[in-house]
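Me: I'm new to this and would like to learn how to read a protein model. Can you walk me through it?

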Amino acid sequence: MFVQEEKIFAGKVLKIHICTMDGTEWLEEVTEDTTVEKLKEKCLKHYVHGSLEDPKTLTHHKLIHAATERVLTDSKTVADENLKDKEVLLLIKKRPPPTPPKMAEVSSEEKKKQDNKAPDKDAILKATGNLSTRHTDRTVTQHNIRDFQTELRKILVSLIEVAQKLLALNPDAVELFKKANAMLDEDEEDRVDETALQQLTEMGFPESRAIKALRLNHLSSQASSEESSRQDELTEIFKRIRRKREFRPDSRAVIALMEMGFDEKEVVDALRVNNNQQDAACEWLLGDRKPSPEDLDKGIDTNSPLFQAILENPVVQLGLTNPKTLLAFEDMLENPLNSTQWMNDPETGPVMLQISRIFQTLNRT
């Protein structure tokens with residue numbers, strides 16, 4: 001039997017999933033030594049149901065690796081591009097290059113730019129000199145557009161108070177929060193309780209910080225057997241966590257704002273109020289400086305429709321009974337940039353998502 005040489009040395013056969021912009025899909029069989037250009041030609045023939053009449057059609061299309069959004073090189077082989085079986089490629093028509101303008105069009109365009117040139121200051125004053133002066137309260141307008149990050153802080157402060165009351169009823173709460181509070185203390189110990197370490201990491205703390213916390217604290221102390229004593233001890237732990245919550249300003253933002261002429265205390269206050277956002281802090285410094293730093297530890301009106309809607313949400317209600325949620329709230333107050341971490345956490349993420357959705361819904365109305 002005669003066997004073609006190319007069949008003998010052909011590489012492994014792969015089935016590549018091809019998709020087009022109009023939703024057409026099919027499987028294309030190719031060997032590993034097939035060039036991307038040949039694969040593209042096969043795809044185009046399948047797509048147009050026949051031969052390619054216009055040879056430029058091949059150069060006017062490209063293949064893109066869907067998973068990595070990488071454009072494949074025509075001269076490389078399937079193996080060179082490291083394509084695997086059943087991978088998805090997109091067949092897309094390239095954007096045509098812009099047509100260069102004719103000389104007459106260029107002159108016309110330049111003339112149009114001159115005609116549409118913005119007026120200078122003298123021209124503006126001359127044109128508006130007879131207009132009456134109108135005063136608008138831009139501050140009121142700006143404050144009517146509530147910023148979620150600013151409101152979130154107030155919401156978290158109030159939710160922490162609710163969560164503390166709920167968790168005080170949990171018989172294991174004292175031990176859990178002693179371990180969490182360990183991260184806030186400063187005394188050095190060498191011993192590490194493996195069970196306590198596991199509990200802390202499961203609550204979302206990085207292992208390195210948890211180990212340090214366990215060494216800083218003797219976490220083997222026992223909770224009081226009496227209910228009233230246990231609740232008093234838990235209350236003291238909550239107070240310590242809040243007292244030691246310390247804001248850490250972004251050092252680069254501090255330098256940038258101080259270079260604008262503001263003193264360090266003003267800058268730190270501005271960054272604290274605006275969650276370390278430099279642009280927002282600059283606007284706060286140049287504006288009426290509301291809310292004030294003292295307002296940060298004030299919670300939201302607990303009788304407001306927003307807070308009531310949040311408390312009535314079943315996902316939030318369940319989350320408030322989880323010690324990890326309270327610790328997440330505390331961490332977000334101290335480090336607002338950690339919000340993303342807690343949004344992606346499987347336990348605290350659903351709670352944060354519901355709070356955001358409720359806020360956006362009521363804010364639109």
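Reply: Let's start with a term: buried means under 20% relative accessible area, exposed means over 50%, and partly exposed is in between, with a 1.4 Å probe and protein chains only. This is a predicted model, where local features need pLDDT of at least 70, side-chain atom pairs count only at pLDDT 80 or more, and totals for chains, interfaces and linings use all residues. Residues are numbered from 1 along each chain as its sequence is written, and side-chain values use heavy atoms, leaving out hydrogens and water.

Me: Why does Lys154 count as partly exposed?

Reply: Because its relative accessible area is 26%. Lys154 sits in helix α7, residues 148-167 (helices are DSSP runs of H or I with at least four residues, strands are runs of E with at least two, both numbered from the N terminus).

Me: Which residues does Lys154 touch, leaving out those up to four places away in sequence?

Reply: Contact means heavy atoms within 4.5 Å. Here Lys154 meets Lys298, Gly299 and Ile300. The C-alpha atoms of Lys154 and Lys298 are 6.3 Å apart, though 144 residues separate the two along the chain.

Me: And Thr20: is it buried or exposed?

Reply: Thr20 is buried, because its relative accessibility is 9%. You'll find Thr20 in strand β1, residues 13-20. Setting aside residues up to four places away in sequence, Thr20 touches Trp26, Tyr47 and Leu91.

Me: How do I read two packed helices?

Reply: Two packed helices are described by the angle between their axes and the distance between the axes. Axes are lines fitted to C-alpha atoms, for helices over the stretch in contact, and angles run from 0 to 180 degrees between N-to-C directions. In this model, α12 (residues 251-258) and α14 (residues 278-286) pack at about 35°, with axes 10 Å apart.
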